[in-house]
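I opened my notebook to look up one residue and then one interface. My notes follow the structure shown here.

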Amino acid sequence: NAGVTQTPKFRVLKTGQSMTLLCAQDMNHEYMYWYRQDPGMGLRLIHYSVGEGTTAKGEVPDGYNVSRLKKQNFLLGLESAAPSQTSVYFCASSYPKPQGAQPQHFGDGTRLSIL
Amino acid sequence: KQEVTQIPAALSVPEGENLVLNCSFTDSAIYNLQWFRQDPGKGLTSLLLIQSSQREQTSGRLNASLDKSSGRSTLYIAASQPGDSATYLCAVTGGNQFYFGTGTSLTVIP
């Protein structure tokens with residue numbers, strides 16, 4: 001009963017390095033989301049996907065890329081990390097909305113520091 | 001752009017008190033509103049989801065209300081316990097996106 005699993009849990013990068021954050025869900029959810037959480041700013045949506053092979057931009061997409069090659073996985077990439085991308089990253093998933101939507105299920109987060 | 005505000009940012013109450021957390025949003029064209037709990041170092045756990053056609057939802061000691069016309073929701077916690085200490089966030093859904101408030105940090109003192 002894993003739910004939403006994020007790897008890694010912690011990472012420290014140097015400015016300019018690249019990395020990929022992995023999100024995996026075992027609930028057969030269609031929708032998946034990547035958020036960042038910063039002090040005093042709440043959660044902000046980076047990118048999301050409404051199904052395998054689809055992605056869309058959220059509120060703060062610049063500097064990030066995503067891919068959804070398999071339904072259960074949603075990858076978030078940083079091509080050239082910047083200190084402004086130091087944050088806690090959360091992945092979430094949910095069923096599609098007919099009317100009224102379904103609750104989102106969240107992973108435990110990835111704490112990323114860019115030096 | 002939808003903006004979600006939660007007041008107060010922090011709240012401290014003695015054990016056993018009933019309390020109300022507030023959430024306001026600027027655009028009333030929402031699909032639903034969701035209340036989450038976040039423990040330190042953890043992700044978010046969904047507590048209650050109110051669809052746009054509903055006025056309230058209840059789960060145990062929790063009751064959430066929604067007034068779309070005024071852009072407000074409240075989360076009522078009855079008989080608070082130290083285990084209720086956490087940050088509580090509300091989020092509204094518009095289109096395919098969720099918009100989150102910055103949360104209320106609740107401390108229940110034994």
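Entry one. I looked up B:Gln2 and found it in the segment before strand 1 (4–7) of chain B; a strand here is a DSSP run of E of at least two residues, numbered from the N terminus. The model is predicted, so I noted that local features need pLDDT of at least 70, side-chain atom pairs count only at pLDDT 80 or more, and totals for chains, interfaces and linings use all residues. Residues are numbered from 1 along each chain as its sequence is written, chains are lettered from A in the order in which they are written, and side-chain values use heavy atoms, without hydrogens and water.

Entry two. Is B:Gln2 buried or exposed? I read a relative accessible area of 9% for B:Gln2, which makes this residue buried (under 20%, with a 1.4 Å probe and protein chains only).

I checked the side chain of B:Gln2 for polar atoms and found one 2.9 Å from the backbone nitrogen of B:Thr26. The side chain of B:Gln2 also reaches the backbone oxygen of B:Asp27, at 2.9 Å. Leaving out residues up to four places away in sequence, B:Gln2 touches residues including B:Ile30, B:Val92 and B:Tyr99 (heavy atoms within 4.5 Å).

Entry four. I turned to the interface, where 22 residues of chain B are in contact with 26 residues of chain A. In chain B, B:Asn96, B:Phe98 and B:Phe100 lose the most area to chain A, together 29% of what that side buries.

I looked for salt bridges (a side-chain nitrogen of Lys or Arg within 4 Å of a carboxyl oxygen of Asp or Glu). The rule finds one across this interface, and A:Glu59 and B:Lys1 meet in a salt bridge at 3.3 Å, N to O.

Key
Helix = DSSP H or I, 4+ residues; strand = E, 2+ residues; numbered from the N terminus. Buried < 20%, exposed > 50% of the residue type's maximum accessible area, 1.4 Å probe, protein only. Polar contact = N/O pair within 3.5 Å; in protein donor to acceptor, adjacent residues only side chain to side chain. Buried area = accessible area lost by both parts, 1.4 Å probe.
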